[in-house]
Amino acid sequence: MVGDPVPDPKTVNDEESFLAFVRALEADRRLAEEGEVDDPHGFGAARGWQNSTIEQFLESALAWAEDSRFGRNQGLGDDASAWRRLAMFLYAGKIYE
């Protein structure tokens, strides 16, 4: 892996950019896991990851989608592509509590 992955859902507007985002999100999670191994008694929020299991991740992504009306309450307009909306959903799984 080259450099430090920075998954940014704002860069997503089509299939190709969505896949690049998912690659960065996956690499970011791998680095977070390495940090969690180095500090097993830490909170587990390495690299901003609030949810370390798939169950927590999906629960938080779903809660974000419901609470924000899939981002509409946070300024993600109806004209946002489905790719960006899906990227935001996945990103919320990382950060939403």
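Modeller: Gladly! Two residues are in contact when heavy atoms of theirs lie within 4.5 Å. The model is predicted, so local features need pLDDT of at least 70 and side-chain atom pairs count only at pLDDT 80 or more, while totals for chains, interfaces and linings use all residues. Residues are numbered from 1 along each chain as its sequence is written, and side-chain values use heavy atoms, leaving out hydrogens and water.

Let's start at tyrosine 96, which sits in the segment after helix H3 (helices are DSSP runs of H or I with at least four residues, numbered from the N terminus). Leaving aside residues up to four places away in sequence, tyrosine 96 touches Asn51, Ser60, Ala63, Trp64 and Asp67. Tyrosine 96 is partly exposed, because its relative accessible area is 23% (buried is under 20%, exposed over 50%, and partly exposed in between, with a 1.4 Å probe and protein chains only). Glycine 48 comes 48 residues away from tyrosine 96 along the chain, and their C-alpha atoms are separated by 10.0 Å.

Two of those partners, Ser60 and Trp64, also belong to the contact between H2 and H3. On the H2 side, the meeting residues are Phe57, Ser60, Ala61, Leu62, Trp64 and Ala65. Facing them in H3 are Met88, Phe89, Leu90, Ala92, Gly93 and Lys94. H2 covers residues 54-68 and H3 covers residues 82-95; their axes come within 7 Å and cross at roughly 120°. H2 is therefore oblique to H3 (under 35 degrees is roughly parallel, over 145 roughly antiparallel, 65 to 115 roughly perpendicular, and the rest oblique; axes are lines fitted to C-alpha atoms over the stretch in contact, with angles from 0 to 180 degrees between N-to-C directions).

H3 itself has 14 residues and reaches 20 Å from its first C-alpha to its last, close to the 20 Å expected at 1.5 Å a residue (1.5 Å times one less than the number of residues). The buried residues of H3 are Arg85, Ala87, Phe89, Leu90, Ala92, Gly93 and Lys94.

Now for the loop between H2 and H3, where phenylalanine 70 is found. Phenylalanine 70 has phi near 55°, a positive value in a residue other than glycine. With a relative accessible area of 30%, phenylalanine 70 is partly exposed. That loop also holds alanine 80, which counts as buried because its relative accessibility is 18%.

From alanine 80 we can look across to alanine 20: they are 60 residues apart in sequence, and 18 Å lie between their C-alpha atoms. Alanine 20 belongs to helix H1 and is partly exposed at 41% relative accessibility. Aspartate 8 is 12 residues from alanine 20 in sequence and 9.8 Å from it in space, C-alpha to C-alpha.

Arginine 47 is partly exposed, since its relative accessible area is 33%.

Key:
Helix = DSSP H or I, 4+ residues; strand = E, 2+ residues; numbered from the N terminus.
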